[in-house]
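Welcome, and thanks for taking a look at this one. Please open the sequence and the model side by side before reading on.

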Amino acid sequence: MVNVKNVFKKYGNQNVVKDVSAEIEPGKITTFIGPNGAGKSTLMSMVSRLIARDSGEVLVDNQDVSKTSSQELAKKISILKQSNYMSVRLTVKELVCFGRFPYSQGRLNKEDWKHVNDAIEYMELETMQEKFIDELSGGQKQRAFIAMVIAQDTDYILLDEPLNNLDMKHSVQIMKVLRQLVDDLGKTVVLVIHDINFASCYSDYIVAMKHGKIVKEGPTEEIINREVLRDIYELDMTIQHINQQKICVYF
């Protein structure tokens, strides 16, 4: 379980995350929703220790992430940020291999290669695994980075806007893969996404943030309703659109 306790983060004079506490239960898809600037991505970065928190505590399986070695933490938590810049020219397969670095330190064994190949197959990248990342479309590149995260084979998978640059077909594919990782392999997936339709279709639990605080959380069916979403987004048209045209697609 991931426990976030009274976490704060400030940039200059602005409190981006304000006294947030949350529990992320294992074996579920937990999705953070809310308007831009709500603090969702900042909170996720603090959980994974990509950025330092100003105060508070983050525990992963009762271990303080600030006192856990980077190699051991990378065996527990994998994260994919919104933007991923590569300064070296890599093929898809080489990129996915980076997911095994916490275990292999660059010297992949038979088990490592199985994880790499399985991840490539999960994301339907077999035909382009020898292509260079800079030759791919935005959506193909996103799928390659998600394959890298899957190859890392951590108990906790954190994805910040994983559906960026993806069309409907590949968005559904990714959400189905994440659902499979949870249901079949017992992984714990934490998402930040803006698409309420996908949040409602695939999440077990939803945490809504606004102005740096958690304003509502609960099982999906309790959060995805007109009254709660109106309060979160302050926009009636969005709620009407969701209720009238909710897209729950399974291919």
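This is a predicted model: local features need pLDDT of at least 70, side-chain atom pairs count only at pLDDT 80 or more; totals for chains, interfaces and linings use all residues.

Residues are numbered from 1 along each chain as its sequence is written, and side-chain values use heavy atoms, with hydrogens and water left out.

**Aromatic pair**
- Rings of Phe, Tyr and Trp (its six-membered ring) pair if their centres lie within 6.5 Å, with planes under 30 degrees apart counting as stacked, over 60 as edge-to-face and the rest as tilted.
- The count by this rule is one aromatic pair: F198 and Y202 are stacked, 6.2 Å centre to centre with 25° between the planes.
- Both F198 and Y202 belong to helix α8 (residues 196–202), four residues apart, about one turn of the helix; helices are DSSP runs of H or I, at least four residues, numbered from the N terminus.
- F198 counts as buried because its relative accessibility is 6%, where buried means under 20% relative accessible area (1.4 Å probe, protein chains only).

**Charges over rings**
- A charge sits over a ring if NZ of Lys or CZ of Arg is within 6 Å of the ring centre and within 35 degrees of the ring normal.
- R89 places its charged end over the ring of F132, 3.9 Å from the centre.
- R100 lies over the face of Y103, 4.1 Å from the ring centre.

**Helix α10**
- V228, L229, I232 and Y233 are buried in helix α10 (residues 226–233).
- After α10 comes E234, with a positive phi near 55°.

Methods
Helices (H or I, at least four residues) and strands (E, at least two) are DSSP runs, numbered from the N terminus. Buried means under 20% relative accessible area, exposed over 50%, partly exposed in between (1.4 Å probe, protein chains only).
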